[in-house]
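Have a look at the sequence and the structure first.

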Amino acid sequence: MGLSMAAAKEWVDRWERQQRRYAVDREERFTVIADVVECGTAGRARPLLLDLGCGPGSLAARLATRLPDAEIVAVDMDPLLLELGRTHHADAARYVDAVIGAEGWTDALGLRRPVDAAVSTTALHYLPEPALEHTYRGLAALLRPGGVLVNGDHFPPDAGPCAKLTAHVGRRRAERTGGHAHEDWGAWWTAAARDPELADLVDERERRLAAFENGGSGGSGGGGGGLTVRHHARLLRRAGFGHVAPVWQFGDSVVLVAVKGDAGRP
């Protein structure tokens, strides 16, 4: 499944533009995540970072620029997006093909030392709650004591009427800061499916998604996109994270940070 560098650059550039429609203040969110990782790994010579649901390497590339001495392992189940990352952001990370939350998924990462920080952005919300808690427990086992998990995503507030308001505020903010891109998520994938250079990758992606939706990869059931920050915090604490707090928010777009307890403490 070879992919030219020119094609990878074109499709990654188009990905970046269409993603600005959905992630409120996307660059600011990336910057805040990098700020947290920088602080949480300060003093470590070669911090090990794990990027969950990496897509084509958008966050991994930004972390590699901010922390050039870091070792970054980026994981995703989408063969097309992984190939785009491997080709266009080849030096940013080591890319791993695995289904986050599936049984034994952490074994596929090939890690030889504890992780200093795990990051994710708009990727974990597709997991049903049992798989999400399983994932949090797996990450707690991978992280060193004091290691951080940083999750940037959309989290609805506890109160129903406020959920509508925060979603509206976030949507309006996205429109003011790049949300008018001509190509949306669906149009991007439709166009990619027509590119002969991506044909094999698109076919493989469709096969995997069909298996995933049928429950063959441990990911069946509704996603966890409706879970509030408080609900996530409860799952994280049960998984072994001693401290959980949001560090940035605009509308319902939140960067949530969880710190694994020190050695000998929950």
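The report below starts with the whole chain and then turns to single elements and residues.

## Overall shape

Please keep in mind that this is a predicted model. The protein has nine helices and seven strands. Its radius of gyration is 18 Å, which agrees with the value near 18 Å that a compact globule of 266 residues would have. Along the principal axes, the C-alpha atoms fill a box of roughly 55 × 45 × 40 Å.

How much of the protein is buried? Buried residues make up 52% of the 266 residues. The exposed surface comes to about 12200 Å², and carbon and sulfur atoms supply 52% of that area. As for contacts with a separation of 6 or more, 74% of them are between residues 24 or more positions apart.

## A cluster of tryptophans

Let us turn to the rings. The structure holds six aromatic pairs. One of them joins tryptophan 11 and tryptophan 188, with 5.5 Å from centre to centre and 85 degrees between the planes, an edge-to-face arrangement. This pair links distant parts of the chain, since tryptophan 11 sits in helix H1 (residues 5-19) and tryptophan 188 in helix H7 (residues 185-194), 177 residues apart. Both tryptophan 11 and tryptophan 188 are buried.

Why is the pair of tryptophan 15 and tryptophan 188 edge-to-face? The ring planes of tryptophan 15 and tryptophan 188 stand at 75 degrees, with the centres 5.1 Å apart, so the pair is edge-to-face; the angle needed for that label is over 60 degrees. Here too helix H1 is linked to helix H7, with tryptophan 15 and tryptophan 188 lying 173 residues apart. Tryptophan 15 is buried, as is tryptophan 188.

Seen together, Trp11, Trp15, Trp185, Trp188 and Trp189 form a cluster linked by ring pairs.

## An enclosed helix

Helix H4 (residues 79-88) is worth a visit next. Eight of its 10 residues are buried, so helix H4 is largely enclosed by the rest of the structure. Which residues of H4 are buried? They are Pro79, Leu80, Leu81, Leu82, Glu83, Leu84, Gly85 and Thr87.

The cover over these buried residues of H4 includes H1, strand S2 (71-76), strand S3 (94-97), H7 and helix H8 (199-213). Two names on that list, H1 and H7, are also the helices that hold tryptophan 11 and tryptophan 188.

Valine 148 belongs to strand S5 (residues 143-154). Is this residue buried or exposed? With a relative accessibility of 6%, valine 148 counts as buried, because the cut-off for buried is under 20%.

Beyond its neighbours within four places in sequence, valine 148 is in contact with Asp116, Ala117, Ala118, Leu143, Ala258 and Val259. From valine 148 to cysteine 54 there are 94 residues in sequence and 17 Å in space, C-alpha to C-alpha.

## The cysteines

How many disulfides does the structure hold? The count is zero. Is cysteine 39 buried or exposed? Cysteine 39 is exposed, at a relative accessible area of 62%. Cysteine 54, by contrast, has a relative accessible area of 6% and is buried.

Key: Residues numbered from 1 in each chain as written. Predicted model: local features only at pLDDT ≥ 70, side-chain atom pairs only at ≥ 80, totals over all residues. Heavy atoms only, no water. Disulfide = S-S within 2.5 Å. Buried < 20%, exposed > 50% of the residue type's maximum accessible area, 1.4 Å probe, protein only. Phe/Tyr/Trp six-rings, centres within 6.5 Å; stacked < 30°, edge-to-face > 60°. Helix = DSSP H or I, 4+ residues; strand = E, 2+ residues; numbered from the N terminus. Rg over C-alpha atoms; globule rule 2.2 N^0.38 Å. Contact = heavy atoms within 4.5 Å. Areas by Shrake-Rupley, 256 points an atom, 1.4 Å probe, with all protein chains shown as cover.
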